[in-house]
Amino acid sequence: MSADSPYPELKKTHTMAHAGRPWRDYKPPPSGPVWSVINAGNTYWMLIAAIDLGVFDAMEPGVGTSGSDLAVQLDVSQHGLQHLLDCMVTLGFLDQIDSCYELTETSERYLRSDGPASMVSLVKISPGPLDNWIGLSETIRSGKVKNPIDDDIVGFYRPLVSATFPTQYRVATRLGSIMGWARHSGLRVLDLGAGAGPWSAALLEHAKDSMAVINDFSSILELAESSMKSKALWQQCEFRAGSFHEIHIEESCYDMVFLGHICRTEGEKNTKDLVRRAVAGLKPGGKIVVADYFSDNDKRVNAFGVMMGLTMLANTRNGGAVTFEEMYRILAANPIERIRVLEPIGANMVFVGDKT
Ligand SMILES: C[S@@+](CC[C@H](N)C(=O)[O-])C[C@H]1O[C@@H](n2cnc3c(N)ncnc32)[C@H](O)[C@@H]1O
């Protein structure tokens with residue numbers, strides 16, 4: 001048993017007289033980083049509770065509400081709600097002015113169901129099934145995921161692609177402005193693993209008289225069909241159901257191919273095959289667009305990308321982190337030139353390359 005105290009920085013009685021010579025003769029590091037991780041798990045469930053109880057939706061932007069009024073409005077216990085509201089203040093999702101709580105700009109934008117960039121559905125679905133996290137050590141031990149989301153297209157991907165549509169539609173729209181899609185017309189594009197179709201929707205809105213071949217599994221394509229209908233773009237779309245590893249892709253036919261957030265679940269070999277198929281489908285001068293959450297090359301700096309990689313490992317058969325360098329090499333192994341990385345909105349990176 002170690003003579004060191006479990007919380008040396010908190011325990012003033014931890015002197016050599018009481019506990020013997022510490023096994024290191026310098027001040028031990030604080031346990032704060034471990035507590036941060038323990039609390040990070042807890043804060044996720046606090047946010048889920050606040051969303052489930054309708055806290056953010058019940059509060060009017062710019063108007064302060066007391067905990068007791070809100071408890072009556074939501075028909076919940078004031079004691080419990082008060083604690084939850086205080087925690088939301090510490091997380092920066094509410095402001096507290098005297099005894100009143102107000103939405104912050106962050107919660108107004110992302111945590112209300114009607115927020116302009118609402119992440120309400122995404123907060124719930126994004127981590128994947130809880131069982132996969134509880135079983136992560138077993139997944140790493142055995143190399144096998146218990147409930148791969150690859151087997152639950154309807155249960156996992158349907159809510160996911162609906163939840164991510166608003167964000168990816170914004171990314172695609174900004175990318176369209178950067179790349180000047182509006183200066184082009186009559187484009188023919190292929191959208192692989194299109195989900196609800198944010199990339200095709202943005203392209204068709206920018207580039208007049210264009211058409212999109214939209215691919216996904218049939219149960220997901222229904223969502224793409226309905227978003228294209230709601231934007232009156234349906235007539236410009238062909239919906240091609242099936243696995244993007246198997247569907248027919250015409251040679252040298254497309255001006256642009258989108259691979260929007262599909263590579264990180266595929267693993268290196270499948271991604272190479274997919275990119276090769278996508279490039280073969282491009283006309284000379286056509287553009288490949290690969291959007292994903294990439295990790296930095298050393299997997300040390302961009303915690304978001306590194307952790308997204310582990311989220312893929314925890315939830316998919318083949319997925320994991322994809323570094324910028326790995327994606328660059330995969331693209332560069334094809335007849336692709338002018339490979340560049342763009343960041344249309346914060347933290348959303350997109351590789352673009354031109355077919356030679
Ligand atoms: C993370 S979503 C991305 C959706 C959309 N491209 C975007 O950027 O928002 C991944 C999509 O790929 C689809 N997908 C996964 N494996 C696929 C496969 N083998 N063939 C076709 N689609 C697939 C899923 O059904 C899901 O709609």
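Colour the two domains separately to begin, and the C-alpha centres of domain 1 and domain 2 will be seen to lie 34 Å apart; domain 1 covers 32-116 and domain 2 covers 133-355, with bounds that come from an automatic or database domain assignment. This is a predicted model, in which local features need pLDDT of at least 70 and side-chain atom pairs count only at pLDDT 80 or more, while totals for chains, interfaces and linings use all residues. Residues are numbered from 1 along each chain as its sequence is written.

Next, select helix H2 (residues 32-53) and helix H5 (residues 78-90), whose axes are 10 Å apart and which pack at an angle of about 120°. Helices here are DSSP runs of H or I with at least four residues, strands are runs of E with at least two, and both are numbered from the N terminus; axes are lines fitted to C-alpha atoms, for helices over the stretch in contact, and angles run from 0 to 180 degrees between N-to-C directions. That angle makes H2 oblique to H5, because angles under 35 degrees count as roughly parallel, over 145 as roughly antiparallel, 65 to 115 as roughly perpendicular and the rest as oblique. Show the side chains of Met46, Ala49 and Ala50 on H2 and of Leu84, Cys87 and Met88 on H5, which make the contact (residues are in contact if their C-beta atoms, placed from the backbone, lie within 7 Å).

Now move to the sheet, which is open and has 7 strands in the order E6-E5-E4-E7-E8-E10-E9, with mixed pairing; two strands pair if DSSP finds at least two bridges between them. Its edge strands are E6 (237-241) and E9 (336-345), each of which pairs on one side only, and the twist averages 20° from one strand to the next. Within the sheet, select strand E7 (residues 254-260) and strand E8 (residues 282-292), which run parallel and are joined by 6 bridges; Tyr254 has Leu282 in E8 as its bridge partner.

Finally, select helix H10 (residues 153-179), which lies across E7, E8, E9 and strand E10 (348-355) and runs at about 125° to E9. Helix H11 (residues 198-206) packs with H10 at an angle of about 40°, their axes being 8 Å apart, and the two helices are therefore oblique to each other. Residues making this contact include Phe165 and Tyr169 of H10 and Trp199 and Leu203 of H11.

Note on methods. Two residues are in contact if their C-beta atoms, placed from the backbone, lie within 7 Å.
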